[in-house]
Amino acid sequence: MRQSKLLLNTLRESPGDAETASHQLLLRAGLIRQLAAGIYTYMPLGRRVLRKAEQIVREEMDRAGALELLMPALQPAELWQESGRYEVYGPELMRLSDRHGREFALGPTHEEVITTLVKQEINSYRKLPVTLYQIQTKYRDERRPRFGLLRGREFLMKDAYSFDKDFEGLDRSYWEMYHAYHRIFERCGMNFRAVEADAGAIGGEGGTHEFMALAEIGEDTIAACTCCDYAANLEKAESGSSSKFIIGTGTGNLEKPEKFHTPNIKTIDQLVASLGVKTTEILKTIVFVADGTLVAVVIRGDQEINELKVKNFLGAEMIEIADPADVQAWTGVPVGFVGPHGLNLPILLDHTAAGMEQGIAGANELDYHYRHLVPARDMKQAKIGDFRTVKEGDPCPRCEEGTLKYYRGIEVGHVFKLGTKYSAKLGATYLDASGQAQSMIMGCYGIGVSRILSAVIEQNHDDNGIIWPLALAPYQVHLIPVSHNDETQMQLAMNLYRLLQEKGIEVLLDDRDERAGVKFKDADLIGLPARIVIGKDAGQGWVEFAERRTPGIKTTIPVEEVLERIR
Ligand code: ATP
Ligand code: MG
Ligand code: MG
Ligand code: MG
């Protein structure tokens, strides 16, 4: 590609609202342009990178035996009503209606569509298992779209869905995807970790992993062992001492009996007994109601409440519903955080903004939480430490030697065992060998393809620009003749340009009539892996070779050696 013909405008300054390095560099290197909050155009260079990420994902999905299809983004609301998610999904679901007043949603994910499709297409055990995937634009009306491609409202996702006869089959399909994800992120040159994640009400033991690109700006916290390979999202993390914790269930402030809404539970022991859990050491657990809304605060037995990083360990976006100062005054205990649990914790669904709008978050009724919330997640099944406080330095729950260390991570992928959640609701059954109808056993697997760009840039840049890993670079080689007006230089550049292209190497030739300084600055910003500068030694057939990753190291080589340097 000749740079003079490329629609590429680099920016010297970062646009004011871009807070992270990746967001700034995506804009400055001319890879994307914003149309509206969380909605972007991929410019020619950005499009190339996105296609490369997409292609890596596609190849590894195909290798894993998954079949590609393409489903509609526009989905009838009835499907979502059938699965029960139309209400539950909340304001993140983009809703619209057609000219006849029929309601639709723009797909944030495709469980409903795929389950309905497979229900129609597959009815015998002979056709199972099958894993289907697509690479498609998704829509989520995120509350806080930000950081460029990291949290968009329109973004590219690879979503895959597996259908199996039984749970052993699901296990195989799941690990097949898990390993494919490892290959994908390795090929992308990413520094990542697969971590155990919180399955909420859906999954079983070990039923979900998130793939986290390690980066300071990551919105998730990961607890990882210093010794063994245990790593978990903090939402889910355990530690060797986490059996000391229990969760709050909305039984009232245990220190203020007159505030109790659940007359038969007045002590920690009764609470613990009511949960059907055992505990070794609980000194104090306060669970209370404020402003008509459940506010659960988990207290670690041996710690002051204000040491809790509740937001951290829930990993959820918080919705402020009560002023911590009020609660502090009310309980007489210093409070570091107040707010309902995140949208992704089904037990407290009633306390999401949507639930509150519907007026179902009431705390003034006798036994309200006990009757309504506890059964919502069958608290009898809850384990100690379901909402746990783990802190850095705690002993590892898996090995004897290690302790937990925290990292920040960007969720780039997610694999999830769904079981029969959707197949049962939407009637996706198959006939087994004896002619009995059985629900299909499902898994779902997502990758944020566009988010990969942000994550990779976040991990691969310096003060001057992006440092693309070879596999994702928009072009592999940047050819830069120093002087546009020097015929010898331009001639050699053109020869090299053709030669490299013949060898199947993607080359960007800076044939612009610009000062060398401008060309070099742009080249640093765009960040192609290899750079060949054709300057004053062109007459002798010598060029300068450098790699973007090691900007200080430049070698002058005869032009014949260029090919072997690049390969
Ligand atoms: P997050 O926790 O960041 O909101 P999620 O858990 O809601 O993500 P999933 O439903 O698991 O996302 O979707 C699969 C993948 O899609 C995620 O692992 C992530 O890489 C990507 N993704 C999700 N939301 C966005 C978004 N708003 N912009 C870009 N990528 C996204
Ligand atoms: Mg989300
Ligand atoms: Mg998530
Ligand atoms: Mg996820």
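Trainee: Why does Phe 147 count as buried?

Mentor: A residue is buried if 20 or more other C-beta atoms, placed from the backbone, lie within 10 Å of its own, exposed if 12 or fewer, and partly exposed in between. Phe 147 counts as buried because its C-beta neighbours inside 10 Å number 22. This is a predicted model, in which local features need pLDDT of at least 70, side-chain atom pairs count only at pLDDT 80 or more, and totals for chains, interfaces and linings use all residues. Residues are numbered from 1 along each chain as its sequence is written.

Trainee: Where does Phe 147 lie?

Mentor: Helices (H or I, at least four residues) and strands (E, at least two) are DSSP runs, numbered from the N terminus. Phe 147 is not a glycine, yet has a positive phi of about 60°. Its place is the loop between strand 7 and strand 8 (154-164).

Trainee: Which peptide bond is cis?

Mentor: Pro 129 belongs to the loop between helix 5 (111-121) and strand 7 (130-139). With omega near 5°, the cis bond is the one from Leu 128 to Pro 129.

Trainee: Which strand gives the largest share of the shell around ligand 1?

Mentor: At least two residues of this shell come from each of strand 8, strand 15 (404-419), strand 18 (441-448) and helix 13 (449-459). The largest share, 4 residues, is supplied by strand 15.

Technical notes: Chains lettered and ligands numbered in written order.
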